[in-house]
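Please open the model in your viewer and keep the selection panel at hand. The stops below are meant to be visited in order.

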Number of protein chains: 2
Amino acid sequence: MMKVTSKEQGALVVADVLEIIGGKWRGLILAKLCDGPKRFNELKLGLRKVTSSTLTKELRHLEELKMIERAVVQKSPIVVEYRMTTHGETIKQLIYQMIDWGLEHRKKVIEGK
Amino acid sequence: MMKVTSKEQGALVVADVLEIIGGKWRGLILAKLCDGPKRFNELKLGLRKVTSSTLTKELRHLEELKMIERAVVQKSPIVVEYRMTTHGETIKQLIYQMIDWGLEHRKKVIEGK
DNA sequence: CAGGATCCATATGGATACTG
DNA sequence: CAGTATCCATATGGATCCTG
């Protein structure tokens with residue numbers, strides 16, 4: 001069911017993962033990209049109120065972590081597309097599980113309050 | 001495979017979940033409590049360098065979210081135990097999946113760099 | 001369209017000292 | 001042992017304006 005080694009390193013590894021999906025925006029960006037590639041402004045509009053500079057910073061961070069990649073689709077007017085890398089794709093199941101758990105939690109705790 | 005409704009609410013729900021496991025300590029605390037109940041100082045020592053005041057704040061927050069509960073086991077000298085609530089238990093699988101993914105990520109990206 | 005630059009607000013968490 | 005209280009540093013993200 002659960003590897004012993006995983007349990008022992010548990011907290012440390014969780015910290016790694018939180019570096020990727022934690023913070024106010026990174027998890028949300030990844031969730032959006034689970035649907036498929038998105039352009040800069042698509043992400044910007046999809047995330048309620050994030051500013052350009054913040055979005056850029058977060059995207060760069062996810063790029064450094066090899067989770068997403070940036071592709072210039074066309075220039076002048078420039079069009080950029082962000083998409084998950086092959087490695088990034090592997091986090092999809094985790095994101096989906098977060099969503100499923102979150103929906104249950106919402107029913108039980110938030111609405112049931 | 002994935003419910004459509006989940007996908008659409010995706011980012012919003014992810015934000016809910018990140019409120020619980022995000023931040024610098026909350027996910028780590030939950031990971032520790034996956035092993036079973038822990039006392040205040042056990043948690044404090046287990047998490048590299050967290051101060052009492054910070055740990056207290058984070059624990060209170062997780063209590064408000066109905067994820068953990070505090071139980072006074074004995075008084076004078078007081079002994080307190082923190083453990084997951086029934087609802088909190090439901091997040092275990094998510095934490096474990098985070099750990100599993102994190103270990104893979106570590107191999108592929110961090111060490112493989 | 002997609003950002004860079006600059007400056008700034010606030011949230012998060014920390015240091016230190018003290019207590020029932 | 002398990003906190004509280006007070007004060008404080010910094011990280012995170014935001015506002016605004018500008019540009020190839």
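**Stop one: DNA strand D**

Begin by selecting B:Tyr82, where an N or O atom of the side chain is 2.6 Å from a phosphate oxygen of DNA strand D; a polar contact here is a pair of N or O atoms within 3.5 Å. The model is predicted, so that local features need pLDDT of at least 70 and side-chain atom pairs count only at pLDDT 80 or more, while totals for chains, interfaces and linings use all residues. Residues are numbered from 1 along each chain as its sequence is written, chains are lettered from A and ligands numbered from 1 in the order in which they are written, and side-chain values use heavy atoms, with hydrogens and water left out.

Now show the 22 residues around DNA strand D, of which A:Lys24, A:Thr54, A:Glu58, B:Arg70 and B:Tyr82 come nearest; a residue is near if one of its heavy atoms lies within 4 Å. Of the atoms of DNA strand D that come within 4 Å of the protein, 77% belong to sugar and phosphate.

**Stop two: the sheet of chain A**

Turn to chain A, where three strands form an open antiparallel sheet in the order β1-β3-β2; strands (E, at least two residues) and helices (H or I, at least four) are DSSP runs numbered from the N terminus, and two strands pair if DSSP finds at least two bridges between them. The edge strands, each pairing on one side only, are β1 (38-39) and β2 (68-74) of chain A. Six bridges join β2(A) to β3(A), residues 79-84, and selecting A:Ile68 shows A:Met84 opposite in β3(A).

**Stop three: two helices of chain A**

Select α2 (residues 26-33) and α4 (residues 52-64) of chain A, whose axes come within 10 Å and cross at roughly 75°; axes are lines fitted to C-alpha atoms, for helices over the stretch in contact, and angles run from 0 to 180 degrees between N-to-C directions. The two helices are therefore roughly perpendicular to each other, a term for angles of 65 to 115 degrees. Where they meet, A:Arg26, A:Ile29 and A:Leu30 in α2(A) touch residues of α4(A) including A:Leu55 and A:Leu62, contact meaning heavy atoms within 4.5 Å.

How values were computed: Parallel < 35°, antiparallel > 145°, perpendicular 65-115°, else oblique. Polar contact = N/O pair within 3.5 Å; in protein donor to acceptor, adjacent residues only side chain to side chain.
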